[in-house]
Amino acid sequence: MANLPVWLQAGLWGLLAGGALLIGAVIAYFIKVPRRLIAAVMAFGSGVLISALSFELMQEAYEKGGFDSTAFGFLTGAAVYTLANWVLASYGARHRKRSGERQPSEADDQGSGAAIAVGALLDGIPESIVIGLSMLEGGAVSKVAVIAIFLSNIPEGLASAAGMKRAGRSAAYIFGVWGSIALASGIASLVGYTLFRDLSPDVVAATTAIAAGAILSMLVDTMIPEAFEETHNFAGLITVAGFLAAFVLSKLGG
């Protein structure tokens, strides 16, 4: 991949990380995975992402733009995601990451299929942009970020696809949604590199922090509730294990 143009590398790294969503969806559709196991993997993935945004994204944003750009971006990302998620929830996408029977069918809530698809896209774009941004200095991707996003995307696709199947969604809908989002992840990563490579460090810092704020809000609003619902008292321990795994990875990668 080193011989490819950097912008194309960015797109391919984003596609790889986003492809984990499709892997999770395939597993959930063809294999009956216990809901408690899905929730446990979701908790682990949440810990991985929390660690990555703490030690990779926020640290990088601070080093590039200082407290002002980082704080502004972090709060803005959280606010924008929360507003968009609130709107989508009113159209039936509230439980899009649930593996159980909470996702509505199209018959129960007309238009919920489109809302769930848009919500899934909303969840994945900030992570993908981060991959492209990580390549702005030297053209080398942050492998820690790619691995962390890949590991967290598998349980996201797993839980959501299981819920979609329980709600009676067709295979074409399920794989269409996750295949499209995997492709969009590659495009978002490419855009993250090409659009921001000539901009100031403050803008890059704020954008990185925006992505971090959106990711943290997504975790609290969608992934952690699913993790806690089934694992209960073990959710915290499993999340800590995921956090530690990504922390170790970041130190070994550094």
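## Charges over rings

In this predicted model, the charged end of R169 lies over the ring of Y173, 5.3 Å from the ring centre.

## Aromatic pairs

Y29 also belongs to a cluster, in which ring pairs link Y29, F30 and F175. A pair of aromatic rings is described by the distance of the centres and the angle of the planes. The protein chain has 6 aromatic pairs. One of them joins F30 and F175, which are stacked, with 6.1 Å from centre to centre and 15° between the planes. This pair connects distant parts of the chain, since F30 is in helix α1 (residues 6–30) and F175 is in helix α5 (residues 171–196), 145 residues apart.

The two partners fall into separate accessibility classes. F30 has 60% relative accessibility and therefore counts as exposed, being over the 50% cut-off. F175, at 22%, counts as partly exposed, because buried residues must be under 20%.

## Overall architecture

The protein chain contains 7 helices and 0 strands. Read from the N terminus, the order of elements is α-α-α-α-α-α-α. Of its 254 residues, 51% count as buried. The chain exposes about 11,400 Å², and carbon and sulfur atoms supply 69% of that area.

Contacts between residues at least 6 apart in sequence were also classed by separation. In the protein chain, 84% of these contacts join residues at least 24 apart.

In soluble globular proteins, nonpolar side chains tend to be buried together. The largest nonpolar core here has 41 residues, and I131, I174, V177, W178 and L219 are those with the most contacts inside it. Two or more core residues come from each of α1, α2, α3 (112–133), α4 (143–166), α5 and α6 (201–231).

V177 is one of the residues with the most contacts inside the core. Leaving aside neighbours within four places in sequence, V177 is in contact with A117, A120 and M164. W178, also among the residues with the most core contacts, is touched by L21.

## L21 in helix α1

L21 is located in helix α1. Its relative accessibility is 3%, so L21 counts as buried. Not counting residues up to four places away in sequence, L21 touches N153, E156, G157, W178 and I181. L21 and F150 are 129 residues apart along the chain, while their C-alpha atoms are separated by 8.0 Å.

## Helix α4

Helix α4 has 24 residues, which at 1.5 Å a residue should span 34 Å; the end C-alpha atoms are 35 Å apart, so the two values agree. This helix is mostly covered, with 17 of the 24 residues buried. Just after α4, G168 takes a positive phi of about 90°.

## T70 in helix α2

T70 lies in helix α2, which covers residues 35–93. With a relative accessibility of 6%, T70 counts as buried, because the cut-off for that class is under 20%. Apart from neighbours within four places in sequence, T70 is in contact with M58, A61, Y62 and A209.

Methods:
Residues numbered from 1 in each chain as written. Predicted model: local features only at pLDDT ≥ 70, side-chain atom pairs only at ≥ 80, totals over all residues. Heavy atoms only, no water. Helix = DSSP H or I, 4+ residues; strand = E, 2+ residues; numbered from the N terminus. Buried < 20%, exposed > 50% of the residue type's maximum accessible area, 1.4 Å probe, protein only. Contact = heavy atoms within 4.5 Å. Areas by Shrake-Rupley, 256 points an atom, 1.4 Å probe, with all protein chains shown as cover. Phe/Tyr/Trp six-rings, centres within 6.5 Å; stacked < 30°, edge-to-face > 60°. Lys NZ or Arg CZ within 6 Å of the ring centre and 35° of its normal. Core = buried A, V, L, I, M, F, W, Y, C linked by side-chain atoms within 4.5 Å. Expected span 1.5 Å × (residues − 1).
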